[in-house]
Amino acid sequence: MRVSALGDQELIRLYVQGDEICFEELVNRHKDRLFTYLVLLLKDRNLAQDFFQDTLVKVINTLKSGKYLEEGKFRPWMLKIAHNLVVDHFRRQKKMRMQHSTDEFDVFSVIGSEDMNREEVYIQDQIHADLRKLVAMLPDDQREVLLMRVYAKMPFKEIAWVTEVSINTALGRMRYALIHLRTLMEEHKIKLVA
């Protein structure tokens, strides 16, 4: 049987038994979601790559030590490890700057601009700049849920697990983030349509 046809739990079981190809399949299956999540939190691709590697090392160590509890939640568990590493990093710096764009990375760069002329690209860039300003004004908890949902495309169940809140709290934060964004758009007279 091909490893790509196996579920995460079976891949984990086989990896723990010594089949390294199974871990490679797990990484390939979840690397995009993990890396996107780290970039959104850290706003620095190079730092995200470091945390990506640190997360994988921690996952490997936990799996190899037999401490992973099989609950059918491998991806959320892996994202939780990444989240905790990032939180520890910011705590050590005595800062919790979770969601700011930098010159190196723009959280809105994940939206493509294929087949657009210069004017459309300019308008889209302006819309993104306006939206970045508004998103930066959101409270941290609302901004975090919004970015995880919209840009990392995480389901609310995973967002709740990673942020250690109930699904209803995660949903509420998203709802309040959208309400808050609408209010900010009205206050700043910003239209987000081209």
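1. A polar contact, as the term is used here, is a pair of N or O atoms within 3.5 Å, of which, within protein, one must be able to donate a hydrogen and the other to accept it. Please keep in mind throughout that this is a predicted model.

2. On the overall fold, the protein has eight helices and zero strands, so that the order of elements from the N terminus reads α-α-α-α-α-α-α-α. Of its 194 residues, 42% are buried. When contacts between residues at least 6 apart in sequence are considered, 63% of them join residues at least 24 apart.

3. The largest nonpolar core comprises 53 residues, and those with the most contacts inside it are Phe23, Leu34, Leu38, Val59, Leu63, Phe74 and Met154. At least two residues of this core come from each of α1, α2, α3, α4, α5, α6, α7 and α8, with the largest share, twelve residues, supplied by α2. In soluble globular proteins, nonpolar side chains tend to be buried together.

4. Helix α6, which spans residues 140–150, contains a run of buried residues, namely Gln142, Arg143, Glu144, Val145, Leu146, Leu147 and Met148. The cover over the buried residues of α6 includes α2, α4, α5, α7 and α8.

5. How do α7 and α8 pack, in angle and in distance between their axes? The angle is about 105° and the axes lie 8 Å apart, which means that α7 is roughly perpendicular to α8. In this packing, Phe156, Lys157, Ile159 and Ala160 of α7 meet Ile167, Ala170, Leu171 and Met174 of α8, and the residues of the contact divide into seven nonpolar, no polar and one charged.

6. Lysine 80, in helix α4, deserves a look, because its relative accessible area of 9% places this lysine among the buried residues, for which the cut-off is under 20%. Its side chain makes a polar contact of 2.7 Å with the side chain of glutamate 164. Apart from neighbours within four places in sequence, lysine 80 is in contact with Trp161, Val162 and Glu164.

7. Glutamate 164 sits in the loop between α7 and α8, and its phi is near 60°, a positive value in a residue other than glycine.

8. A positive phi near 60° is also found at lysine 43, again a residue other than glycine. Lysine 43 belongs to the loop between α2 and α3, and at 3% relative accessibility this lysine counts as buried.

9. Glutamate 25 in helix α2 is a further charged residue to check, as its relative accessibility of 16% makes it count as buried. Once residues up to four places away in sequence are set aside, glutamate 25 touches Val3, Ser4 and Leu11. The C-alpha atoms of glutamate 25 and alanine 5, which are 20 residues apart along the chain, are separated by 9.9 Å.

Conventions:
Residues numbered from 1 in each chain as written. Predicted model: local features only at pLDDT ≥ 70, side-chain atom pairs only at ≥ 80, totals over all residues. Heavy atoms only, no water. Buried < 20%, exposed > 50% of the residue type's maximum accessible area, 1.4 Å probe, protein only. Helix = DSSP H or I, 4+ residues; strand = E, 2+ residues; numbered from the N terminus. Contact = heavy atoms within 4.5 Å. Axes fitted to C-alpha atoms, helices over the stretch in contact; angles between N-to-C directions. Parallel < 35°, antiparallel > 145°, perpendicular 65-115°, else oblique. Core = buried A, V, L, I, M, F, W, Y, C linked by side-chain atoms within 4.5 Å.
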